[in-house]
Amino acid sequence: MENILEAALTASTRYNGQRDERDFSKALILEPVEAWRYDNGTGKLVFRYETAGKNHRNLYGTMHGGIIASVLDVAVGMSMATLTKHVINTVDLHISYLRAGVGEHYRIEVEVTHLGRRLGSASMKLIDVDNDELVATGQATFFIFEQMLDVFREEEEKE
């Protein structure tokens, strides 16, 4: 699977379809829209996200901070898993909240900045598309397991 955007779409479709209705992340459906892989194996992925209305709002009517952190965590996890093709796990997640998210449509930009043998790191941005404002930024570190993700192992076996 050479095309990184195709790989991200395949992995996200598989992930979205496997979630149980009770799964918190079921409401955090992110759509990969752009992707690049750099020569050193790192890359950049961009996602589209629409809020689930009142369920993702706080008492003041803006996007809840926990939802912001979760959306960024899911996006960076999908990016890291797509680029490494391995099972990953968040080790550290840091979010800086810059302003209230008042829109319904968001863009998440993930830049995977380091991929080592066992650890990877990335930076993220959450942009309110409706108001053209940067809502939050983040940094994350992930542990990369030896186990390859099923979706990529199945693709390699076909080739």
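Of the contacts in the protein with a separation of 6 or more, 65% are between residues 24 or more positions apart. The model is a predicted one. The protein has 159 residues, and buried residues make up 43% of them.

The protein contains three helices and six strands. Read from the N terminus, the elements follow the order α-β-β-α-β-β-β-β-α. Among them are strand β1, which covers residues 31–37, and strand β2, which covers residues 43–50. Helix α2 takes in residues 65–84, strand β3 takes in residues 86–97, and strand β4 takes in residues 105–115.

Helix α2 has 20 residues. From its first C-alpha to its last, the helix reaches 28 Å, close to the 28 Å expected at 1.5 Å a residue. Of the 20 residues of α2, 17 are buried, so the helix is largely enclosed by the rest of the structure. Just after α2 comes K85, which takes a positive phi of about 65 degrees.

The next topic is charge. Side chains of opposite charge can pair when their charged atoms come close. How many salt bridges does a search of the whole structure find? The search finds six. One of the pairs is E31 with R48, where the closest N and O atoms are 3.1 Å apart. E31 lies in strand β1 and R48 in strand β2, so this pair ties together parts that are 17 residues apart in sequence. E31 is partly exposed, with a relative accessible area of 37%, and R48 is also partly exposed, at 41%.

K44 and E109 form another salt bridge, with 3.9 Å between the closest N and O atoms. This pair links distant parts of the chain, since K44 is in strand β2 and E109 is in strand β4, 65 residues apart. Is E109 buried or exposed? E109 is buried, because its relative accessible area of 17% is under the 20% limit.

R107 counts as partly exposed, at 26% relative accessibility.

V91 counts as exposed because its relative accessibility of 52% is over the 50% limit.

Definitions and conventions
Residues numbered from 1 in each chain as written. Predicted model: local features only at pLDDT ≥ 70, side-chain atom pairs only at ≥ 80, totals over all residues. Heavy atoms only, no water. Salt bridge = Lys/Arg side-chain N within 4 Å of Asp/Glu carboxyl O. Helix = DSSP H or I, 4+ residues; strand = E, 2+ residues; numbered from the N terminus. Buried < 20%, exposed > 50% of the residue type's maximum accessible area, 1.4 Å probe, protein only. Contact = heavy atoms within 4.5 Å. Expected span 1.5 Å × (residues − 1).
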